[in-house]
Amino acid sequence: MDLLDDSVDEAPFGTCVDVEGMFGDAPPPLYERFVLVGCRPEGRLRAAVTAGAPDGDVGTVVLDERHTAGDGTACGPIEHRFSCVHLLLDATVTGHRPSGGDPELVDVELTGLLHIAPGDASRYNGAPRPAGRAFLLSGEDADPLGSCQDTLGLYRHRPEPEPGVVTWVGVQPEAPLAKLLTYVPGGSAKRRRVQVTVEVLDGAGTPVDDRNLDGLVTAARPSRHDGLLDIVVADAVFAPFPSGAPAIWRLWDGGRPETPGSWTALDRTLRHVWSGIAIRRRRQDGDSPAGGTYLLDGTHVTDIEGLYCALGEAVNGPGGYFGWNLNALDDCLRGGWGARAPFTLVWQHAGVARRHLVAGFDRHLRLTATTMDDVLAVLHERGVEVHLR
């Protein structure tokens, strides 16, 4: 593996034989209970409440918090008022009751996933609660859902992920890292702080995957690999490699896979890893002529990641890439990624995708699901003639 120093334009920082502590799988999303107090529901929210049954799915609920200037909050000014926007994803009405003495108002109980942007946890965890007592409610497409006077459940402490401890095993340090090690142990934390890209290399030394890491070097000791060091990085913040990623890296060792469908047994997380490697290993020998026909085997398109794996293989062969989200697919269709529209796509076993790529909330990606119709719309808009079989 390569270590690249992000603080100086990814200058070489060292190489290592292995990395310990950077593998893991994402925890399940945290669904919480919220109450909209003194609510005047409209639209889908009103329908869920008046139906008189629990478990009414209302999708995304946008809470636009209104309060006056000068109350010490960190929200930005909008026309002499303040607006704090909160997103409840995959919200479901689980109950409701009259609110106070006003027969027109109800308290609505919801479960949902509070969207907390990276670096935004302090907004909810321990920060002073804004003085606002009015919330405008809307859906993801700005459809009105009503208003409420207050909420319960937004502002409370939530445990934050603990920083990890990572060990670079068998390190051959470059000069910047060797200099940093002179401050270990006992040197200032500032001098021992690292911002590094950990880059996975295959047997030929070609990059396969990478992750950014920010942490504090706390120890260096002789490695079991003769003449090399094991270096410990504490307080490490990083997005882990999926635990199954090394098996995928081995499939790509030395070049692109030659067997069609090598991705089909993978789960959603590893199919995404597959597409990420396919981007790096894509052919750059130009586009096939417009007007061609490509065969997409949809047998294993049981999720959106599988569709992108199958589409990449249909256009560019085993290990091929042709988008891994809708925007990337649209870019590929403009040319430069193996095929230029217009062309014909014969989608075999399309019923598999029709059953699985459906509307709703994608709990794996934690956002609105991409449907088969969404994909077909992008293809048609760029001049692809699709035959569903």
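Some conventions to begin with. Because the model is predicted, local features need pLDDT of at least 70 and side-chain atom pairs count only at pLDDT 80 or more, while totals for chains, interfaces and linings use all residues. Residues are numbered from 1 along each chain as its sequence is written, and side-chain values use heavy atoms, with hydrogens and water left out.

Now the overall picture. The protein has 9 helices and 20 strands; these are DSSP runs, H or I of at least four residues for helices and E of at least two for strands, numbered from the N terminus. The C-alpha trace spans about 75 × 65 × 35 Å along its principal axes. Of the 389 residues, 45% count as buried. Buried means under 20% relative accessible area, exposed means over 50%, and partly exposed is in between, with a 1.4 Å probe and protein chains only. The accessible surface comes to about 19,400 Å², and 52% of that belongs to carbon and sulfur atoms; the areas come from the Shrake-Rupley method with a 1.4 Å probe. As for contacts, meaning heavy atoms within 4.5 Å, take those between residues at least 6 apart in sequence: 67% of them join residues at least 24 apart.

Next, charges. There are 36 positive and 53 negative charges, and their mean positions are 2 Å apart. Lys and Arg count as positive and Asp and Glu as negative, while His and the chain ends are not counted. Each charge is placed at NZ of Lys, CZ of Arg, CG of Asp or CD of Glu.

How many salt bridges does a search of the whole structure find? It finds 19, where a salt bridge is a side-chain nitrogen of Lys or Arg within 4 Å of a carboxyl oxygen of Asp or Glu. I will go through some of them.

Arg-40 forms one with Glu-104, with the closest N and O atoms 2.9 Å apart. This pair links distant parts of the chain, since Arg-40 is in strand 4 (residues 32–41) and Glu-104 is in strand 8 (residues 102–114), 64 residues apart. Arg-40 is partly exposed at 39% relative accessible area, and Glu-104 is exposed at 55%.

Asp-214 and Arg-193 meet in another, at 3.5 Å from N to O. Asp-214 lies in strand 14 (residues 207–222) and Arg-193 in strand 13 (residues 193–201), so the pair ties together parts that are 21 residues apart in sequence. Asp-214 is partly exposed at 28%, and Arg-193 is partly exposed at 39%.

Asp-373 sits in helix 9 (residues 372–381) and Arg-354 in helix 8 (residues 350–356), 19 residues apart. Asp-373 is partly exposed at 46%, as is Arg-354 at 39%. There is also a network of salt bridges linking Arg-33, Arg-97, Asp-107 and Glu-109.

Is Asn-316 buried or exposed? At 13% relative accessibility, Asn-316 counts as buried. A polar atom of the Asn-316 side chain lies 2.8 Å from the backbone oxygen of Tyr-321. Leaving out residues up to four places away in sequence, Asn-316 touches Arg-256, Arg-283, Tyr-321, Phe-322, Trp-337 and Gly-338.

Key. A polar contact is a pair of N or O atoms within 3.5 Å; within protein, one must be able to donate a hydrogen and the other to accept it, and residues adjacent in sequence count only if both atoms are side-chain atoms.
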